[in-house]
Amino acid sequence: MPLVSVIIPMRNAEPYVRAALESVLAQRDVDLEVIVIDDGSTDRSAAIVRDMDDRRIRVLPGPQKGISAAFNAGLADAKGEFLARCDADDLYPPDRLAWQLEYLRAHADFGAVSGSFSTMTHRGKVIAEAKPQAAGSDVTEELRSSRGRSHVCAYLFRTELLKRLGGCREFFVTAEDVDLQLRLSEITRIWHDPRPAYLYRLHDASNHARPARR
C-alpha cells in the first residue's frame, strides 16, 4: 500500500509531462503512487506517460468535465494515507514530499502542510522565486479569513480529510484550488512551511488561459 498518492490531472501536456513525472518519481524516501488522469488528451501525452513504464504510475481516463472533476477522479482512486497534486506541466523540488510527510507524521492535529512556490518560464527558467522566511506558522485562521499563502499543489494533505470534503467543487471552472484550501481550513488545522515545494510553469496554455490547461 503506497503512503502518498500524487494526482496529476493531464490534458495535452506533451511538452512537459515527462519532466513533471520525473520530478515526482525522484522524491526520495517516500513510498508513492502516481495517478495520472488523462482528461481527453489529443496529443502524445498519454503515450509518453505509458512509455515511462514505472509500476508506480497508473493512467486513468478522466471525465472531461474540467480540472475539478479530473482531480476528483484521482482522489476517488487514491490509496495513500497522504495526498498531493502536481499539474502536468509543473515540477516538484527534490525531497519536498519527505519533509512534508515528516511534519504531518509528527503533528497529528494538523490535516495539511503547505510550502512556498516559485514560477518559471515555459523553458523552466525560474522568474519569481519564493524567499523562505525564518520559520513556519499555523495559517488556519488566515485561510478562514480567505487569505492564502500558497498554491494547492504545494500542499501535502491527509487523504481522508479531502475525501470527507468531497474533493473539489466541480462547478468551479477556475479557482477550485483556492476554494479547496479555504474549505479544508474549516475542518482541520493547516501549517505553512516556507521551504520551496512547487515550481509553477507559465506558458500560453497555463492556468491563466484555462480551460486549455488541465
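With a relative accessible area of 27%, D95 is partly exposed (buried denotes under 20% relative accessible area, exposed over 50%, and partly exposed the range in between, with a 1.4 Å probe and protein chains only). The structure is a predicted model, in which local features need a pLDDT of at least 70 and side-chain atom pairs count only at pLDDT 80 or more, whereas totals for chains, interfaces and linings use all residues. Residues are numbered from 1 along each chain as its sequence is written, and side-chain values use heavy atoms, with hydrogens and water left out.

D95 is situated in the loop between β4 (82–85) and α4 (96–106) (helices, H or I with at least four residues, and strands, E with at least two, are DSSP runs numbered from the N terminus). Although D95 is not a glycine, its phi is positive, at about 65°. Apart from neighbours within four places in sequence, D95 is in contact with Q27 and R28 (contact denotes heavy atoms within 4.5 Å). The C-alpha atoms of D95 and D29 are 8.1 Å apart in space, and the two residues are 66 residues apart in sequence. A positive phi, of about 55°, is also found at N12, which is not a glycine. N12 belongs to the loop between β1 and α1 and is partly exposed, with a relative accessible area of 35%.

Two further positions were examined. E129 occupies the loop between β6 (126–128) and β7 (137–138) and counts as exposed because its relative accessibility is 51%. Its C-alpha atom is separated by 8.8 Å from that of P196, 67 residues apart along the chain. N72, by contrast, is buried, with a relative accessible area of 11%. N72 is part of helix α3 (residues 67–77), and, leaving aside neighbours within four places in sequence, N72 contacts G166, G167, C168 and E170.

In helix α1 (residues 17–25), the buried residues are V17, A20, L21, S23, V24 and L25. These buried residues pack against β1 (4–10), β2 (32–38), α2 (45–51) and β3 (57–61). Helix α7 (residues 176–184) is mostly covered, with seven of its nine residues buried; E176, D177, D179, L180, Q181, R183 and L184 make up this buried set.

At the level of the whole protein, the secondary structure comprises seven helices and nine strands. Of the 214 residues, 56% count as buried. Among contacts with a separation of 6 or more, 78% are between residues 24 or more positions apart. Along the principal axes, the C-alpha atoms fill a box of roughly 40 × 35 × 35 Å.

The average pLDDT is 91, and 92% of the residues score at least 70 (pLDDT is the predictor's confidence in each residue, from 0 to 100). Over residues 207–214 the pLDDT is below 50, and this stretch has 28 contacts in the model beyond near neighbours in sequence. Where pLDDT is low, the predicted coordinates should not be read in detail.
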